[in-house]
Amino acid sequence: MQLTKNVFLVGSGEIGLSNEYDCHVYLVNGDSDALLIDAGVGIDSEKIKENVQKYVPWEKVSRVICTHSHADHSGGATFFQKEGKEVWLSEEEYNWMNDQRDEVEWALRLAKNAGGYPEDYVFTYFEPDHVMNETEMISCGALRLQPIYVRGHSPGMYCFLMKTDEGNVLFASDFVFIHGDIGLLNAPGSDLASYREDIKKLSGLHVDALFSGHRLFLLQNGQAHIQKAIEQLNKVIVPSTF
């Protein structure tokens, strides 16, 4: 599904593009280079590959940028590495995934209890090819993606801001959604106080297209939905969650 001139939706369990447990997986085409935002859950990952090839040659895709390590976003990492694609993850998320495996597995169990994954699903831990930090700008051909470190949903989640001639695009992962909903979880690694602090980083970005990890995406006026989440987190009542 083509969303903008440079962005395509190539995976999603919610709308039946790929495995039912996949998050939204986005393809960014920078003409001389292409990359994926998130890797999906790792079940039937070939379907994501097939969808990519409807828009760009497979060999053109150089990297998969994982916004965070939750299974629906990074479980497919090893599939793409076997396909010769680099997998990138933030330093903060990589450290949490490796140093707090008991918490990672606990969070996975809670997600299974909620029907988020099959009961027999096993998360495949992976070694990223590159560990990102917030100060580096990510190039994809002529396009540039600015990482934004935001805690609250996961300890090391990154959103990515991309400025294009069609407007500003924010790949918001599970941090903020349509109507100002947020991704606060009853699980290790998710924290309301961190949400209150870091959501301020998304203020004033003039976001047009809001591409989250689940639910509906927005092609215009995305900043208004982000601002609603910021305002709600400045009140005593916890905002709605996705």
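**From one serine outward**

S173 sits in strand 10 (residues 167-173); helices (H or I, at least four residues) and strands (E, at least two) are DSSP runs, numbered from the N terminus. The model is predicted: local features need pLDDT of at least 70 and side-chain atom pairs count only at pLDDT 80 or more, while totals for chains, interfaces and linings use all residues. Residues are numbered from 1 along each chain as its sequence is written, and side-chain values use heavy atoms, with hydrogens and water left out.

With a relative accessible area of 3%, S173 is buried. Buried means under 20% relative accessible area, exposed over 50%, and partly exposed in between (1.4 Å probe, protein chains only). The side chain of S173 makes a polar contact of 2.7 Å with that of T67. Such a contact is a pair of N or O atoms within 3.5 Å; within protein, one must be able to donate a hydrogen and the other to accept it, and residues adjacent in sequence count only if both atoms are side-chain atoms. Neighbours within four places in sequence aside, S173 is in contact (heavy atoms within 4.5 Å) with D38, T67, H68, H73, M157, F211, S212 and G213.

Next comes the nonpolar interior. A nonpolar core is a set of buried Ala, Val, Leu, Ile, Met, Phe, Trp, Tyr and Cys residues joined through side-chain atoms within 4.5 Å. The largest one has 30 residues, and V10, L27, L36, V52, V61 and F80 have the most contacts inside it. At least two residues of this core come from each of strand 1 (7-11), strand 2 (25-29), strand 3 (34-37), helix 1, strand 4 (61-65), helix 3, strand 5 and helix 4. Helix 3 gives the most, with 3 residues. Leaving out residues up to four places away in sequence, F80 touches L36, A39, I48, W58, V64 and K85.

V104, A107, L108 and K112 of helix 5 are buried. These residues cover an arc of only 140° around the axis, so they lie on the same side of helix 5; the arc is that of the directions from the helix axis to the C-beta atoms. An α-helix has 3.6 residues a turn, so residues three or four places apart point the same way. The buried residues of helix 5 pack against helix 2 (71-74) and helix 4 (91-99), whereas the face turned away from the buried side carries the exposed residues D102, W106 and N113. Just after helix 5, G115 has a positive phi of about 85°.

The whole structure contains 9 salt bridges, each a side-chain nitrogen of Lys or Arg within 4 Å of a carboxyl oxygen of Asp or Glu. One of them joins K49 and E83 at 3.0 Å, N to O. K49 lies in helix 1 (residues 46-52) and E83 in the loop between helix 3 (77-82) and strand 5 (86-90), so the pair ties together parts 34 residues apart in sequence. K49 is buried at 16%, and E83 is partly exposed at 25%.

R151 forms a salt bridge with E197, the closest N and O atoms being 3.2 Å apart. R151 lies in the loop between strand 8 (143-149) and strand 9 (158-164) and E197 in helix 6 (residues 192-198), so this pair ties together parts 46 residues apart in sequence. R151 also meets D198 in a salt bridge of 2.7 Å, N to O. Within it, D198 is buried at 4% relative accessible area, and R151 is partly exposed at 24%.
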